[in-house]
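Thanks for coming. I have one model to go through today, and I will keep to two topics. Please have a look at it first.

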Amino acid sequence: MTAPEAGDQVHTATVTLTVNGESRALEVDTRTSLLDLLREHLGLTGSKKGCDHGQCGACTVLIGGRRANACLALAVAHDGAEVTTVEGLADGDALHPLQDAFIRYDAFQCGYCTPGQLCSAAGMLTEGGPSAVTADLTGDPALTPGEIRERMSGNLCRCGAYVNIVRAVTAVSTAGTEP
Amino acid sequence: MTAPTITSIRAGRIGDSPQRPDGRQKVTGEFAYSSDLWLDGMLWGATLRSPHPRARITGLDITGAVAMPGVFAVLTHEDVPGRETYGLERPDQPVLAIDQIRYQGEPVALVAADHPETARRAAGRIRVSYREEPPLADARAALAPGAPSVHPGGNLVRHVRVRRGDPDARAAVVVTGEYEVGMQDQAFLGPESGLAVPAADGGVDLFVATQWLHVDRDQVAASLGLDPDLVRITLGGVGGAFGAREDLSMQIHACLLALHTGKPVKMSYSREESFFGHVHRHPASMRYEHGCSAGGRLVYVKADIVLDGGAYMSSSPAVAANAATLGIGPYEVPNVVMDSYAVYTNNPPCGAMRGFGAVQACFGYESQMDKMAAALSMDPVEFRVRNAMREGSVMPTGQVVDSAAPVAELLRLVRDRPPPPARDTGDLRSLPGGVSNTTHGEAVVRGVGYGVSIKNVGFSEGFDDYSTARVRLELTGGEPSAQVHTAAAEVGQGLVTVLEQIVRSELGVERVAVLPADTTIGSAGSSSASRQTYVTGGAVRAACAEVRSQLLARAGDPAAGSPGNRPPGLAGAAGLGDLVALLGKPAEATVTWRHRPTAPLDPGTGQGQAHVQYAFAAHRAVVDVDTELGLVKVVEIATAQDVGKAMNPQAVEGQIHGGIAQGLGLAVMEEIQVAGGVVRNPSFTDYLIPTILDMPPVRLDMLELADPHAPYGLRGVGEPPAISSTPAIVAAIRDATGIPLTRIPVRPEHLTATQPDEGPDPPSAMIMGRNAPHRVPFDPRS
């Protein structure tokens, strides 16, 4: 591979995205990842760059309601998409139930993976369908701790807050029974 | 403590589990990590690193980089205005390589440009000519006569000798063993990053994720040739630490670039660069000989431990001391001959990681304890209990353990936990590796193993270990409110939560704010060695006592002037109305607080009151092992730990979970593969850390046996969980398979019928990805 020489023409394109409910149009280098667009062009630094290779999950956002590693998403490939980041989970001052549960169950320490964990959990709660550990393939499976672990396994947490992440997500997925 | 600790108390006191004051920011994305910092007009820094582990630099041409549009500076070692080297214990590490390369990834040159990709490409335009030399890659070989020297003066960084009792003691039953520990990485999720801003006074302001602001400042100032007062460091948000931020990474580099260009400069490492940007846990090669009476009492231990320090010293001398002084474990042994060596090689530099020398030794001595129990046909727990240290026991250093040492009780607690249910053999989901295997678990066997550990808390060997805290109490909107200022690094452990709890308890006020940590106040020491709640917590408590004393003096209370006297909180003592009246002007105190002194080790015998406090934890691991596929599933960990006083039970529980996760990683998956000094797996695809699927349920018993010497009786909690979890898991795998595992991490091929050669010889699949074959990791054109 040869990197473009200095002075080579830089290809740009206009990308229009709805980010956390707000329409944003930007002219970006066509090589820009969605993560860099969010962090460096829109100043939304909540989504984290832990590896930039889709290995850690710290950059997880929702694209059209589905979980995605923003570092692996080319911004221009998602023109017109609706993107939700950790900054868009709360409703004004009212935290998303997952955010509230992560605080109450102490589901993080350093917190660097937390934006990705939260977006991943938010996507998981609504995505339905069976996973590799689903026993009953008819209908949407109950989010047992085993299902939650399976579905959250793309999000690394080096502080090892996994036990409390499962507790927090379980509390939200069974909301109503939670005090 | 198996149920989650949930509280709705926001304004918690000591012993409560209030919510983290930074929790809301962390869940909303507002918390500013060092990688999130931004200033308009800032430049981006990039580092050119050596692809070779050992070489002479024969030429360096920066003209191609300088000529690139958007490049503002290209710097080499000749541009370092002050001391050209740095280091925690001795400045032996060049800021930028001077004429030779001692490890792969050593920084050679820096670039500042207006875009991170421009900086990266410009670094690739720097032409460096290397004359490669054969790397010294084996730590024991480095000690052999005639070995090439990595540094002038030879390859021995430190030899710690501990001698107790009769060196020629004999015993009825003798077992020997040789053990190896691979190189573990801290692998924090937030890579090294920071922002340096040049100041009008000729100084620099640095915002960075670190563990110890003041040693950063002193090293940065020395290399910049500036008075330390002109280097002001403020803690940026820290995305995990675990020891890896105790040494400098980009601090001096970013400041050099900022001062050279007159512009703010941000540096943020990629994941790959991060693997080269910080020290790792020392690999260890250990030989143990245990002698025991026929009745099961340890008579002697002889051991030597060789720790591969890599190319630079970092904190290797202290790691070697920990391995030596803690290296026989929490047992009573009358005769000890222990030699611990830290050595230079051309491998990646190693230094602090959670457990700090105690981890490596624990794998050795606990493996030996199992081996001896088997030789005696004794139960491994019973054998440990019979030899367990207790309060009043004498360490191999001659130091008497003068607070609780409930080693036997911790072991009994984990042993007596009900076992987890047997595996449901009809449920493929319960298999090691999950449902997608090529077999159906026909060869899965279960095993149980134990480990117990000892760790020192705080800095040792006579180090002047202190922290500084300022507490200010004033009226804000007519209400008493307190501010706490220290330089102690919140790295995720929850220190800011605990400091608030201390102030609420001591002063009886609800409104407490912890100010950002910076170098405008005295040092707090490092957020390491499980020490920060002890030492900075002690400093904050002492400052609160002075504030209280001032206010009582204002009220004319005769108890004033004796801050050692601890009356109840002011709100209770004086009444809130009175407190408001007393705070016509603010009350403020700044205190530097020290724990009781320690003493150096005698260089000949290793005798001395070297440590402040000891902490103990025990683990029982239950594993399922698929002996056909070489897969391990940790089914459950039972643990018991004495924490002295659970200042914040929920945070303690989190530390214990996290330590177990990292201990599990070292047991079965985590290793930086180094071959001939070259790192083969600097990515999260190939350096594996435990996922949520790997984390077992944790059954936890927490003891609170107060240490009378420590603030609130507390005992450091951060490291012990990461120490004996590893040997417990390996013991469980041995129990399941009967294979005498002597090297960690245990690999799949160690567990199947065909045993491979030992040593870091990764399969070809380990050579991966974008940068294969990994000889030129930072060349942007690859």
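I will take a sheet in chain B with its helices, and then some cysteines in chain A. Keep in mind that this is a predicted model.

The sheet, then. In chain B, 4 strands make an open sheet, ordered β21-β20-β19-β22, with mixed pairing. At the edges are β21, residues 511-514, and β22, residues 587-594, both of chain B, and each of them pairs on one side only. From one strand to the next, the twist averages 20°.

One pairing in more detail: β20 of chain B, residues 479-486, runs parallel to β21(B), with 4 bridges between them. Among the residues involved, Ala482(B) has Val512(B) in β21(B) as its bridge partner.

Now the helices. Helix α12 of chain B, residues 495-507, lies across β19 (466-476), β20 and β21 of chain B, at about 145° to β21(B). Helix α13 of chain B, residues 532-554, lies across β19, β20 and β22 of that chain, and its angle to β22(B) is about 145°.

On to the cysteines. How many disulfides are there over all chains? The count is 0, with a cut-off of 2.5 Å between the sulfur atoms. For Cys59(A), the nearest cysteine sulfur belongs to Cys71(A) and is 3.7 Å away, so by that cut-off Cys59(A) is in no disulfide. Is Cys59(A) buried or exposed? Its relative accessibility is 3%, so Cys59(A) counts as buried.

Cys157(A) is in no disulfide either; the nearest cysteine sulfur is that of Cys113(A), 3.9 Å away. Cys157(A) is also buried, with a relative accessible area of 5%.

Methods: Residues numbered from 1 in each chain as written. Chains lettered and ligands numbered in written order. Predicted model: local features only at pLDDT ≥ 70, side-chain atom pairs only at ≥ 80, totals over all residues. Heavy atoms only, no water. Pairing = 2+ DSSP bridges. Helix = DSSP H or I, 4+ residues; strand = E, 2+ residues; numbered from the N terminus. Axes fitted to C-alpha atoms, helices over the stretch in contact; angles between N-to-C directions. Contact = heavy atoms within 4.5 Å. Buried < 20%, exposed > 50% of the residue type's maximum accessible area, 1.4 Å probe, protein only.
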